[in-house]
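Please keep the sequence and the model in view while reading.

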Amino acid sequence: HTIIGGLAYDRRDARRIPMFLLNNILGGPALNSRLNLAVRERHGYTYSIESAYHPYTDTGVFSIYMGADDGNLSKAMALVEKELAKVREVPLGAQQLQQARKQLIGQIAISNESNLNRLLSAGKTYLHDDRVDTIQEIRTHIESITRDQILDAAGEVLAPERLSLLVFRP
């Protein structure tokens, strides 16, 4: 079990919106995330890999989790580092960016089909921000994300010197 992570943007930071999209591209819940495709699907080095971004009131946390056999760990880590370097250095193409936006908007729409999810999200947002964004406002924020904003977030949050590594071997 391996986790790589570090500090990210808090919930009041405008850069959190591009960070949500970056996380989704890199290792979000979809099977077509970059980490899943590179490490799990193409090479089979890990049985599970995902990233997560959680903005809190005073800070945020970005993490990548993967489970791999000891024999594949160094190869999997090399691929993760390669994907992190790619998102820090190579801007998304227009079509990639548009597809990533649509995917995130779709995931939010599906999540909001559950009354429980929608109400929990609205309650949390209202408690923290004293307001609730509509689905259309969220969609507008996501559609306005630029590739430069994603590069900036990746360059800052995913800088190698800002990330820590923990490996658990049973």
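Rings of Phe, Tyr and Trp (its six-membered ring) count as an aromatic pair if their centres lie within 6.5 Å; planes under 30 degrees apart are called stacked, over 60 edge-to-face and the rest tilted. The structure holds 1 aromatic pair. The model is predicted: local features need pLDDT of at least 70, side-chain atom pairs count only at pLDDT 80 or more, and totals for chains, interfaces and linings use all residues. Residues are numbered from 1 along each chain as its sequence is written, and side-chain values use heavy atoms, with hydrogens and water left out.

**Aromatic pair**

- The partners are Phe20 and Tyr53, in an edge-to-face arrangement with 4.9 Å centre to centre and 65 degrees between the planes.
- Phe20 belongs to helix α1 (residues 16–27) and Tyr53 to strand β2 (residues 48–55), so the pair ties together parts that are 33 residues apart in sequence.
- Helices (H or I, at least four residues) and strands (E, at least two) are DSSP runs, numbered from the N terminus.
- Tyr53 is buried, at a relative accessible area of 5%, whereas Phe20 is partly exposed at 31%.
- Buried stands for under 20% relative accessible area, exposed for over 50%, and partly exposed for values in between (1.4 Å probe, protein chains only).

**Overall fold**

- The chain has 7 helices and 4 strands.
- Read from the N terminus, the order of the elements is β-α-α-β-β-α-α-α-α-α-β.
- The radius of gyration is 16 Å, close to the 15 Å that the globule rule gives for 170 residues, so the chain is as compact as a globular protein of that length.
- That radius is taken over C-alpha atoms, and the globule rule is 2.2 Å times the number of residues to the power 0.38.
- Along the principal axes, the C-alpha atoms fill a box of roughly 50 × 35 × 30 Å.
- Buried residues make up 40% of the 170 in the chain.
- Of the contacts with a separation of 6 or more, 73% are between residues 24 or more positions apart, where contact means heavy atoms within 4.5 Å.

**Packing of α1 against α7**

- The axes of α1 and helix α7 (residues 147–157) come within 9 Å and cross at roughly 80 degrees.
- That places α1 roughly perpendicular to α7.
- From α1, the contact uses Pro18, Met19, Leu21, Leu22 and Ile25; from α7, it uses Gln149, Ile150, Ala153, Ala154 and Val157.
- The α1–α7 contact has 9 nonpolar, 1 polar and no charged residues.
- Axes are lines fitted to C-alpha atoms, for helices over the stretch in contact, and angles run from 0 to 180 degrees between N-to-C directions.
- Angles under 35 degrees count as roughly parallel, over 145 as roughly antiparallel, 65 to 115 as roughly perpendicular and the rest as oblique.
- Ala, Val, Leu, Ile, Met, Phe, Trp, Tyr, Cys and Pro are classed as nonpolar, Asp, Glu, Lys and Arg as charged, and the others, Gly among them, as polar.

**Packing of α1 against α4**

- α1 also packs on helix α4 (residues 94–111), at an angle of about 100 degrees and with the axes 10 Å apart.
- α1 and α4 are therefore roughly perpendicular to each other.
- On the α1 side are Phe20, Leu21, Asn24 and Ile25, which meet Leu97, Ala100, Arg101, Gln103, Leu104 and Gln107 of α4.
- The α1–α4 contact has 6 nonpolar, 3 polar and 1 charged residues.

**Residues in loops**

- Ile145 sits in the loop between α6 and α7 and is buried, with a relative accessible area of 1%.
- Neighbours within four places in sequence aside, Ile145 is in contact with Ile17, Pro18, Leu21, Leu97, Arg101 and Ile150.
- The C-alpha atoms of Ile145 and Ala122 are separated by 22 Å, and the two residues are 23 apart along the chain.
- Asn112, in the loop between α4 and α5, is buried at 16% relative accessibility.
- Asn112 touches Arg118 and Ile135, not counting residues up to four places away in sequence.
- Asp130 is in the loop between α5 (115–129) and α6 (135–143) and is exposed at 57% relative accessibility.
- Phi of Asp130 is near 60 degrees, a positive value in a residue other than glycine.

- Asn36 lies in helix α2 (residues 34–41) and is buried, with a relative accessible area of 4%.
- Leaving aside neighbours within four places in sequence, Asn36 has contacts with Leu31, Glu41 and Ile49.
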